[in-house]
Amino acid sequence: MCSGRVDLEFILRAFANGMDGVFIGGCRLGECNYITHGNYHALNMALLCKKIMEHIGLNPDRLRVEFMSAGDGILFSEVADEFSGQIRALGPLGSTEGLSLDELKQRIQEVSKLVPYIKIAKGEKLALRPAKGDYDQFYTLDEIEELLNEVISYYIDPEKCQACMTCAKRCPAEAIIGGKNLIHVIDQDKCIRCGTCFEACPPRFSAVKKFTGEPVPPPIPEGKRTIVRKGKEKEGTS
């Protein structure tokens, strides 16, 4: 019922599923029915997505956002016809981009994994209301390239982890694998890169490491994650 429900992930998923174009329609700006002004959020999200599309080689003209009332039937028909014609001119997804559909889908899927991180990193800006004259430069390509080239990741140092479970209990994405006397491991596919584990890890351990723009080390093998406490070690040798 509200265009504020539109999420970056939804748009990217549509393209990953082979859609040639995506149209977002919302109420007129400044005329929100729910006093949430979610249509500004949809606009902001669409502007961000256009720059992400440009970054991965997907023509940003395949995405369009417009605002009108429920009574603007003629206007909607005109906009829909115009956008449909534009998409037909662009051709099937990947054709004017010079990329195979498989390669384009792979790029979309890779950036889709970073959606939670992108929303956290751009959280303050996503709450703003873009002014009409600023749409084209509200997000810049340089800004998006810096964001996606310097992705933050977190890693638990197996030499320092004491399996205290503090980070695992605090992780909002349940991305930390661990248990009693088991060295914790971050599931990088689930991790939303919010930094909660980094902040939660007790300073006396400092086991969580922060990486910027580089891959994290591979996780310690499952068979080597058991922590043998000194007292238990002595019992085993006596």
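I looked up the domains first: domain 1 covers 3-149 and domain 2 covers 152-237. These bounds come from an automatic or database domain assignment. The model is predicted, so I kept its limits in view: local features need pLDDT of at least 70, side-chain atom pairs count only at pLDDT 80 or more, and totals for chains, interfaces and linings use all residues. Residues are numbered from 1 along each chain as its sequence is written, and side-chain values use heavy atoms, with hydrogens and water left out.

Next, the spacing. The centres of domain 1 and domain 2, over C-alpha atoms, are 37 Å apart. Five residues from domain 1 and five residues from domain 2 make the contact (heavy atoms within 4.5 Å).

Then I took the area. The two domains bury about 480 Å² between them, with 63% of it on carbon and sulfur atoms. Buried area is the accessible area (1.4 Å probe) that two parts lose on being put together, summed over both.

On the domain 1 side, helix 5 (residues 115-121) gives the largest share, three residues (helices are DSSP runs, H or I, of at least four residues).

Last, Asp7. It sits in the segment before helix 1 (8-16). Asp7 is buried at 12% relative accessible area (under 20%, 1.4 Å probe, protein chains only). Its side chain joins that of Lys119 in a polar contact of 2.7 Å.

Note on methods
Helices (H or I, at least four residues) and strands (E, at least two) are DSSP runs, numbered from the N terminus. Buried means under 20% relative accessible area, exposed over 50%, partly exposed in between (1.4 Å probe, protein chains only). A polar contact is a pair of N or O atoms within 3.5 Å; within protein, one must be able to donate a hydrogen and the other to accept it, and residues adjacent in sequence count only if both atoms are side-chain atoms.
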